[in-house]
Amino acid sequence: MKRLFLLLAALLGLCACTELQRESPLPRLEKRGEATQLIVDDKPYLILGGELWNSTASSSAYMEREGIWGRLQATGLNTVLLPVYWELIEPEEGVFDFSMLDEAIAEARRRDMRLVLLWFGSWKNSMSCYAPGWMKRQFGTTYPLVKNREGRTLEILSPFEEVNCEQDKRAFVALMTHLKATDAERTVVMVQVENEIGMLQSARDYSEAANKAYHEAVPQEVVDYLKEQGEACRPRLYEAWRGQGCPEAGDWEALFGPGLDTEEFFMAYHFARYVEQIARAGKEVYPLPMYVNAALNSRGRKAGEYPSAGPLSHLWDLWHLAAPSIDFLAPDIYDPLFPEWVAQYDLPQNPLFIPEIKHEPCPENGARVFYAVGRHKALGFSPYAIDDVTPDVPRYALKEAYAVLRAIAPEVLSAQAAGRIHGVWFDQAHTEQVVRIGDIELCCRHDLTLGWSAEAAHPELWSETAALIVELGAGEFLVAGTGVVLTLRSYREDGTIVGIERIEELDYHDAGLPVLRRLNGDEDHQGRHLRIPFGQYGVQCLVCYTYR
Ligand code: DGJ
């Protein structure tokens, strides 16, 4: 009897072990050398993604009719950012239906693609429109909403109410529990918690609970953080506190002075605390990387006029302090000034990921991804409304850019970790940039400055271009991108000459990255430059020589 029991126990152990072996390792964020990277299947992973229009994933039949999965795959995406709608997964309180999500996971898996899930829970673009109907019918009573200064109710769940947070948390935990149970292959690699959180129409909540919290002493952890971090805090927060004489106690206005900035600090802290409860509970069940995305505070608008108090760069400290389970804050970029925005989210403890960027027929996105990955070691890139892709259009910018990046991803990811990667960016106001690597200066320019292309004479056609440069070894570089011309110069002032020994164009349509052709003569201007023409994408290997 005892022997039978032991045999059974051994068999059960074996089954459990085989079960474990079948599970792929958990996706995670990891600091590798100089970069924080997303690790999938135990290897660094570069997200070449796209986010669906909001309503697309509400129907598999619709996705099939429109041939969406096929188009995304043909465009070369490796990851799709796909919403999970609270109102659809919990149609009745406590009753969950994950069938649509299961179909999306199966479809992505079939196509060897990964998913980032977007939790459309309490807040989506500030509003609470994705709360389930059974909750909406009790808005303002069981589930308190935000009020503006005049006492008018806004359809935004108040972050000061435990009951709201508890419901969201319960649903989110159900989602993460379901994923854990069903996604052994780790098709889902990351989760966005909520979507573009922020106050609109009013910089702060004036509900009774919010007013009470506003006039209470600022939590001690905020004061301790300010004292500890001091000038290392983002400037707007630190300056406000310093402007008040660095007080160590008092309510929000005592600490930061009256005004919209203080209202925004207050709301950011409380939004973050609410999100923390949800993310932490989700991670306790299934610890995938989690982030929050921000609608940017652009075009000179004041708090309350843009979705304020969201995960914005100037509020990074408060979000970081109050929501430690959130791995990073991410910008949704719908404005020009791409280099300025991305720089604000590449912080020592905040890796850059761009979950949304204006798509449309926007050729610059092809260029932008090279810059983000090369200059800021981005985890990935994802234009919004990606369902609109038209992969059959010849020279489709995003498709070309993603094909290049897919082919060179191993080199790019290891160069990110080793700090051997650079990014250059060009627009009409920034036509030249010099990258110094050791004693060699790589002088890069917008291709149209050559005046060789028809577009050069028409400034209105000068769209942005960019490239990344990977240091392969001494005097050897990989240059990838679009619309760039590169010449060489020695940094030493001793008459050393740096020349081009050879340039090879690599075939990025082949995963092995074979040499397609030697670029010489007209193509390298008789040994004077490396060029990826405007409107084309490519990757070239450059080998230099020096002499005196
Ligand atoms: C940003 C949001 O996060 C998206 O879900 C979508 O609503 C876009 N704006 C629309 O422009």
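Me: How many of the 22 residues of α16 are buried?
Reply: This is a predicted model, and α16 spans residues 397-418. The helix is largely enclosed by the rest of the structure, because the number of its residues that are buried is 16.

Me: At which residue does helix α16 bend?
Reply: The bend amounts to about 65°. A proline, P410, follows within four residues of the bend, which is at I408.

Me: Which residue follows α16, and what is its phi?
Reply: The residue after α16 is G419. Its phi is positive, near 70°.

Me: What is the mean pLDDT of the protein chain, and where does pLDDT stay under 50?
Reply: The mean for the chain is 95, and 96% of its residues reach 70 or more. Where pLDDT is low, the predicted coordinates should not be read in detail.

Me: How many aromatic pairs does the structure hold, and why is the pair of Y85 and F120 edge-to-face?
Reply: The structure holds 25 aromatic pairs. In the pair of Y85 and F120 the ring centres are 6.1 Å apart. Planes over 60 degrees apart count as edge-to-face. The pair therefore takes that label from the angle between its planes, 75°.

Me: Which strands hold Y85 and F120, and are the two residues buried or exposed?
Reply: Y85 is in strand β5 (residues 79-85) and F120 is in strand β6 (residues 114-124). The pair links distant parts of the chain, 35 residues apart. As for accessibility, Y85 and F120 are both buried.

Me: Is the pair of W119 and F172 stacked, tilted or edge-to-face?
Reply: The ring centres of W119 and F172 are 5.8 Å apart. Their planes stand at 50°, so the pair is tilted.

Me: What parts does the pair of W119 and F172 tie together, and what are the relative accessible areas of the two residues?
Reply: W119 lies in strand β6 and F172 in helix α7 (residues 162-182), so the pair ties together parts that are 53 residues apart in sequence. Both residues are buried. The relative accessible area of W119 is 1%, and that of F172 is 0%.

Me: Which residues do ring pairs link into a cluster?
Reply: The cluster is built from ring pairs. Its members are F160, Y214, W252, F256, F265, F266 and Y269.

Me: Which rings have R204 and R436 over them, and at what distance from the centre?
Reply: R204 lies over the face of Y206, at 4.0 Å from the ring centre. For R436, the charged end sits over the ring of Y491, and the distance from its centre is 3.4 Å.

Me: Why are the buried residues of α10 on the same side of the helix?
Reply: The buried residues of α10 (residues 235-243) are L237, Y238, A240 and W241. An α-helix has 3.6 residues a turn, so residues three or four places apart point the same way.

Me: What is the phi of E194, and is the residue buried or exposed?
Reply: Most residues other than glycine have a negative phi. E194, in strand β9 (residues 188-195), has a positive phi near 65°. At 0% relative accessibility, E194 counts as buried.

Me: Where is Q201, and is it buried or exposed?
Reply: Q201 has a positive phi of about 75° although it is not a glycine. The residue is found in the loop between β9 and α8 (208-215). At 52% relative accessibility, Q201 counts as exposed.

Notes. Residues numbered from 1 in each chain as written. Predicted model: local features only at pLDDT ≥ 70, side-chain atom pairs only at ≥ 80, totals over all residues. Heavy atoms only, no water. Phe/Tyr/Trp six-rings, centres within 6.5 Å; stacked < 30°, edge-to-face > 60°. Buried < 20%, exposed > 50% of the residue type's maximum accessible area, 1.4 Å probe, protein only. Lys NZ or Arg CZ within 6 Å of the ring centre and 35° of its normal. Bend = angle between axes of the 7 residues up to and from the residue. pLDDT = per-residue confidence, 0-100.
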